[in-house]
Amino acid sequence: MNVLLKTLLSATLLTSLSLMTYANPLEHQHPVSNEASIDISSETPSLKEDLAYLQVFSEICPQLIGQNRNFDQAYRHAIAEKLVDSPNSELAMQFLNQDDETYQALLQHFRQDIATASSEDNRVVCLDMIDWDKKK
């Protein structure tokens with residue numbers, strides 16, 4: 001049963017990721033003139049990058065702003081919004097954390113980046129997440 005659930009989740013997550021890749025018009029080349037085009041896909045964060053960024057802030061924000069129900073709710077809403085095509089965002093995140101080496105590398109990268117920022121800068125991001133959720 002666990003293998004079946006893991007396989008189903010994996011297939012659903014991969015489908016969601018591929019659909020979001022093709023659904024995002026910013027990731028495709030746009031003609032500038034008849035002779036040239038610009039590829040901005042490297043400037044657009046991937047779904048995995050967004051999820052890793054959110055997860056790392058979910059790890060550090062309680063230390064910066066205390067236990068905050070509004071932040072927890074904002075985090076859950078942001079994850080659900082990013083994984084809108086996934087039937088269970090919690091299982092999708094669990095899969096990424098356990099079985100996706102690319103995602104794990106992104107987590108390490110963002111943890112290092114965030115550690116170099118000031119506590120105040122990181123605190124502002126935590127509070128911005130709450131404000132973003134309230135505006136939704």
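Axes are lines fitted to C-alpha atoms, for helices over the stretch in contact, and the angles between their N-to-C directions run from 0 to 180 degrees. Helices are DSSP runs of H or I with at least four residues, numbered from the N terminus. The model is predicted, and local features need pLDDT of at least 70, side-chain atom pairs count only at pLDDT 80 or more, and totals for chains, interfaces and linings use all residues. Residues are numbered from 1 along each chain as its sequence is written, and side-chain values use heavy atoms, with hydrogens and water left out.

The 19 residues of helix 2 should span 27 Å at 1.5 Å a residue, and the end C-alpha atoms of this helix are 26 Å apart, which agrees; the expected span is 1.5 Å times one less than the number of residues. Helix 2 bends by about 35° at Glu59, and a proline, Pro62, follows within four residues, the bend being the angle between axes fitted to the seven residues ending at a position and the seven starting there. Just after helix 2, Gly66 takes a positive phi of about 80°.

The axes of helix 2 (residues 47-65) and helix 3 (residues 69-82) come within 11 Å and cross at roughly 175°. Helix 2 is therefore roughly antiparallel to helix 3 (angles over 145 degrees count as roughly antiparallel, under 35 as roughly parallel, 65 to 115 as roughly perpendicular and the rest as oblique). Among the residues that make this contact are Leu51, Gln55 and Ser58 of helix 2 and Phe71, Tyr75 and Lys82 of helix 3, where contact means heavy atoms within 4.5 Å.

Gln55, which is placed in helix 2, is buried, with a relative accessible area of 8% (buried means under 20%, exposed over 50% and partly exposed in between, with a 1.4 Å probe and protein chains only). When neighbours within four places in sequence are left aside, Gln55 is in contact with Tyr75, Met93, Asn97, Tyr103, Leu107 and Arg111.

Helix 2 also packs with helix 6 (residues 119-135), at an angle of about 110° and with the axes 9 Å apart, so that helix 2 is roughly perpendicular to helix 6. Leu64, in helix 2, is partly exposed, with a relative accessible area of 26%. Not counting residues up to four places away in sequence, Leu64 touches Ser119, Asn122, Arg123 and Cys126. Leu64 and Val124, 60 residues apart in sequence, are 9.4 Å apart in space, C-alpha to C-alpha.

Notes. Helices (H or I, at least four residues) and strands (E, at least two) are DSSP runs, numbered from the N terminus.
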